[in-house]
Amino acid sequence: MCQHQPPCPSADSADRESARLVAHHPEQGWSLLCNGVVLFEDTGELLPDGQIIAPHRLPAGSQVMTAA
């Protein structure tokens, strides 16, 4: 599917979200990547095989910061 050099990560690889954008629809809350993955605004994903990846955004205020 991907014609980029180097090729984009496949939909089943851990870094699938780093594939290039093919279509971006922020008004609808989704983007299509070169590897066929649909990314949603809430960080959920729909893989080409129909598998659903639940949103994995950290809840607001849950980020841990350490002082230097």
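Colleague: Is Arg 16 buried or exposed?
Modeller: This is a predicted model: local features need pLDDT of at least 70, side-chain atom pairs need 80 or more, and totals for chains, interfaces and linings use all residues. Numbering runs from 1 along each chain as its sequence is written, and side-chain values use heavy atoms, without hydrogens or water. Buried means under 20% relative accessible area, exposed over 50%, partly exposed in between (1.4 Å probe, protein chains only). Arg 16 has 15% relative accessibility, so the residue counts as buried.

Colleague: Which residue's backbone oxygen does the Arg 16 side chain reach?
Modeller: Arg 16 sits in the segment before strand S1 (21-25). Contact means heavy atoms within 4.5 Å. Leaving aside neighbours within four places in sequence, the contacts of Arg 16 include Leu 33, Leu 47 and Ile 53. At 3.5 Å, its side chain reaches the backbone oxygen of Ala 11.

Colleague: How many residues make up the largest nonpolar core?
Modeller: Such a core is a set of buried Ala, Val, Leu, Ile, Met, Phe, Trp, Tyr and Cys residues joined through side-chain atoms within 4.5 Å. Leu 33, Leu 47 and Ile 53 are among the members. Leu 33 also touches Arg 16 and Glu 17, among others beyond four places in sequence. The core's residue count is 9.

Colleague: With which side chain does the side chain of Ser 31 make a polar contact?
Modeller: Ser 31 lies in strand S2 (residues 30-33) and is buried, with a relative accessible area of 9%. A polar contact is a pair of N or O atoms within 3.5 Å; within protein, one must be able to donate a hydrogen and the other to accept it, and residues adjacent in sequence count only if both atoms are side-chain atoms. At 2.6 Å, the partner is the side chain of His 24.

Colleague: How many strands does the chain have?
Modeller: Helices (H or I, at least four residues) and strands (E, at least two) are DSSP runs, numbered from the N terminus. The pattern along the sequence is β-β-β-β-β. Helices number 0, and the strand count is 5.

Colleague: What percentage of the chain's residues is buried?
Modeller: The chain has 68 residues. Not every residue is covered: Ile 52, in strand S5 (residues 52-53), counts as exposed because its relative accessibility is 65%. The buried share of the chain is 29%.
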